Every structure is written in C-alpha cells, then in structure tokens.
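Me: I have a new structure open and want to find my way around. Can we go through it together?
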Amino acid sequence: ALMVCARNEERVVGGILETLLRQDYPTALFDVFLVAHNCTDGTAAIGQRLGAWVIDASGAPPGKVEAMRLGLDAIGGGYDFIGVFDADSRVPQGFLRAVAAASADEQCIQVETVPHRTDDWLATGYGLGRRARNLFWWQPRARLGMGTTVSGSGYFVRSSLFTTVLADAHTMTEDLELTADLYARGERVSFVSTTSIEVEEPHRFAASLRQRSRWVRGHVAGVRSYWRPIGARAAKGDLRAFDTGLSVLVP
C-alpha cells in the first residue's frame, strides 16, 4: 500500500501519483492511496482523476501523524508493507521492483533520497547536504550493518509493525520518532540505494527557517520520549540502539 499524505498540494501531487501509478511492477501487487488532509483546493480531485484511492481526511487534527493514522485505518489489512510518500516527491519507473528485491526479511526500509534538480541556491545547498549524508553517513552505516534512519518520504514498514509504532507517535517530526521507536524495539531501518526518491527542498529562506524550527522542536521532543528506552537497549549490548541513541542526541 503506497500512501501519499497531502494538504493543499494540487500544484505538485500529480507528479508523485503518476510516477507511482506507472510503476514497472505488477499492478495487482500494489495500490496507491491519497490522504487528502484538510484540503481546500483540488488535491483530492487530482487524485481521483489519476486513479488513486482517495481518503478524505477533512476535519482531522493537524499534523502528518494524524493523516497517516487515518490513512492506515482506511487502508485496512491485506498488505505486506505500507509505503509513505510526500506529495512533492518523485520516483523512477523501477522503484517498486528495486524495493521488493530488497525487502526479504526486512521490517523497515528507507530508500535513498536525492534532491530535485534546480538552479535555486537555497535548494541546491540543501541538496548538497542530502547527498553528503548519503555518501558519508547512510551508505557507511548500511555497510556496517547498523541501519539508517527514516527520512519522511520513500520509506516502507511492515503493516502490523507500522500500526504498532504509529499508535504512540506524538511529535511533529514523525520520521525521527519512528526511527527511535523502531531501534528501541530492536528493529532496524534497512537502507536501499539501488533506486532513489527525489524530494523537494525549500526555495525560500522563510520556509527553510520554519522547517528547521519544526525539526528542532520535534528533535527535542524525540530525545525526551525515546532516549531512555534506546539507552536501556544499548546498555544491554545492542550496537544499533547505541548508534541510534548517539544520532538522536546530536543537536
């Protein structure tokens, strides 16, 4: 089940829906869902026109976590994995085939994220940081068997596990929170670099500041909620929990 969470994203949502619906993968093996979260524009209409299953989340509490919970409730059972995507993302045609090939015995997968091509200086700077993270952080940790982190878009979690970890989610940075919760439970996030997902970066400085302010507040909330269980697991000799605990503490 491929779930796109969107709030007033009529300008960009068609791109991710089209690239998901046109995958080089058996159509009987995946469904695309659009969670229209308190939308007042044409986001839902675009989803219906393109052929996605549209979930109306009007009147729901704010926050991506709430949209994801409503999406999971509406999607129901019968799926091995739930994939989560932001509305401004894009994926190549062989995306699902590469994920499926890497999914055996895995509980959670994060696909390598790369920036959209752009000439904007701010978005380009974000993109350089993202590529550096892939090269110097994610890829080495994956090769060491330490796992990686959930990055907000282009990740997959086993259905039963996702329902469990999302039930306790409460911060505004659900990707960091899910990462911390998974490692506290002894799970890991497997990194897949045989394909990639393009993500949008901020193009305005004010938007960048708002985004980073949200990240900082969510990060602090994540440390408060999950450092103790991660630390307890690390103290028992779990190196992945120790590694993730250090990552969570980094400001």
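Me: What is Q139 in contact with, leaving aside its neighbours within four places in sequence?
Reply: Q139 is in contact with E112, N134 and F191. Contact means heavy atoms within 4.5 Å. This is a predicted model, where local features need pLDDT of at least 70 and side-chain atom pairs count only at pLDDT 80 or more, while totals for chains, interfaces and linings use all residues. Residues are numbered from 1 along each chain as its sequence is written, and side-chain values use heavy atoms, with hydrogens and water left out.

Me: Where is the place of Q139?
Reply: In helix 5. Helices (H or I, at least four residues) and strands (E, at least two) are DSSP runs, numbered from the N terminus.

Me: Does Q139 count as buried or exposed?
Reply: Q139 counts as buried, because its relative accessibility is 19%. Buried means under 20% relative accessible area, exposed over 50%, and partly exposed in between (1.4 Å probe, protein chains only).

Me: Now the sheet. What is the strand order?
Reply: The sheet is open, with seven strands in the order 3-2-1-4-6-5-7 and mixed pairing. Two strands pair if DSSP finds at least two bridges between them. Strand 3 (53-56) and strand 7 (190-199) are the edge strands, each pairing on one side only. From one strand to the next, the twist averages 25°.

Me: And which helix packs on the sheet, touching strand 5 and strand 7?
Reply: Helix 5 (residues 121-143) does. Its direction makes about 145° with that of strand 5 (108-115). Angles run from 0 to 180 degrees between N-to-C directions, and axes are lines fitted to C-alpha atoms, for helices over the stretch in contact.

Me: How many bridges join strand 1 to strand 4?
Reply: Four, and the two strands run parallel. M3 stands opposite V84 in strand 4.

Me: What else does M3 touch?
Reply: Leaving aside neighbours within four places in sequence, M3 has contacts that include F33, V35, M68, L72 and I82.

Me: Which residues have the most contacts inside the largest nonpolar core?
Reply: M3, M68, Y155, F162 and L166. That core has 28 residues. A nonpolar core is a set of buried Ala, Val, Leu, Ile, Met, Phe, Trp, Tyr and Cys residues joined through side-chain atoms within 4.5 Å.

Me: Which elements give two or more residues to this core?
Reply: Among them are strand 1 (2-6), helix 3 (64-75), helix 6 (159-167) and helix 7. Helix 3 gives the most, with five residues. Another core lies apart from this one, with 26 residues, including V12, F30, L34 and F95.

Me: Back to helix 7. Why is helix 7 largely enclosed by the rest of the structure?
Reply: Because nine of its eleven residues are buried. The cover includes helix 3, strand 5, strand 6, helix 6, helix 8 and helix 9 (239-249). Just after helix 7, G186 takes a positive phi of about 90°.

Me: At what angle do helix 7 and helix 8 pack?
Reply: Helix 7 (residues 174-184) and helix 8 (residues 205-235) pack at about 5°, with their axes 9 Å apart. The two are therefore roughly parallel to each other. The cut-offs are under 35 degrees for roughly parallel, over 145 for roughly antiparallel and 65 to 115 for roughly perpendicular, with the rest oblique.

Me: Who makes that contact?
Reply: Helix 7 uses residues including L176, E177 and Y183, and helix 8 uses residues including G218, Y226 and R233.
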